[in-house]
Amino acid sequence: MSYSDLERQWTARVRRRLVRLLPPERLLPDTQPTYVSSWIYVFGVTTMAALTVVIVSGCLLALRGPQWWHGSSVGLFVNSLHLWSVEIFFFSMVVHLWGKFFMAAWRGGRALTWMTGVVTFLTSIAAAFTGYLCQSNFDSQWISTQAKDGIDATGAGAYWNVLNMGQMLMWHIVLLPIAAVLLTALHVLLVRVKGVVPPFEEKSETSEVTA
Amino acid sequence: MLFTHLAALLPLNTLGHYLHWHFIDISVANFVVVVLMVVTFILALVLPFPGRRRRREHQ
């Protein structure tokens with residue numbers, strides 16, 4: 001097989017396209033523009049750090065089950081860790097959202113970055129709501145019966161039954177976490193491709209600081 | 001024992017407290033979280049970021 005034949009392979013073509021779109025120095029940069037030296041830029045990564053704790057604590061809960069997270073002190077601690085990491089996750093994501101909204105972060109061809117953030121936010125809300133249904137206590141029973149009326153009013157109740165514990169658990173621990181993590185990864189990759197949106201008054205600033 | 005005394009300061013096993021304003025109903029807990037988010041947002045805008053002045057002097 002000649003060199004030109006190798007270069008025509010789909011793997012080579014995809015590799016060239018990916019490297020052109022996102023060179024390694026842009027995927028893992030050493031520096032960021034000077035305007036990134038502000039506290040308002042830390043809430044995106046805070047959200048991702050909280051998401052990591054959410055996923056790890058959720059995996060621990062899945063390992064041991066409801067009797068453990070309701071009945072033992074370590075289980076209660078991990079249960080609380082899961083709850084409070086979710087609280088920090090949403091807290092940070094909302095401050096991140098406000099910051100990006102007032103920066104009009106969709107400027108400069110970043111509409112897809114903005115929209116992946118929006119869909120990630122909505123997916124996370126669904127993940128949190130199904131989490132309330134999976135506590136396996138009186139609280140989850142109460143919430144599920146109240147939510148049933150709301151979901152039925154939308155017409156989706158026949159397909160998405162919040163009283164069906166098995167279905168809600170699978171959505172909470174499989175489908176929605178996978179969607180949230182994949183969307184977050186796509187969101188970050190798009191930030192790397194397009195760069196961090198500059199403030200309105202500093203469009204021409206080109207100097208950089210260490211990341 | 002310490003945790004029992006701390007828990008007594010913030011009793012969570014009671015009915016929630018709610019604020020009512022026209023059509024808006026919000027629990028005090030959620031209202032506190034919203035206020036904290038607004039305060040955090042404002043502080044993030046006005047507080048100086050560590051090392052920013054040093055970098056400017058260096059440049």
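## A look at chains A and B

Of the 211 residues in chain A, 19% are buried, where buried means that 20 or more other C-beta atoms, placed from the backbone, lie within 10 Å of the residue's own. Keep in mind that this is a predicted model: local features need pLDDT of at least 70, side-chain atom pairs count only at pLDDT 80 or more, and totals for chains, interfaces and linings use all residues. Residues are numbered from 1 along each chain as its sequence is written, while chains are lettered from A and ligands numbered from 1 in the order in which they are written.

Here is how the two chains are built, with helices (H or I, at least four residues) and strands (E, at least two) taken as DSSP runs numbered from the N terminus.

Chain A has a radius of gyration of 21 Å, whereas a compact globule of 211 residues would come near 17 Å. That radius is taken over C-alpha atoms, and the globule rule is 2.2 Å times the number of residues to the power 0.38.

Now for chain B: of its 59 residues, 0% are buried. Strand 1 (residues 18–21) and strand 2 (residues 24–27) of chain B run antiparallel, joined by four bridges; strands pair if DSSP finds at least two bridges between them. B:W21 sits opposite B:I24 of strand 2. Two residues lie between the strands of this hairpin, and B:H22 takes a positive phi near 55°.

Key:
A residue is buried if 20 or more other C-beta atoms lie within 10 Å of its own, exposed if 12 or fewer, and partly exposed in between; C-beta atoms are placed from the backbone.
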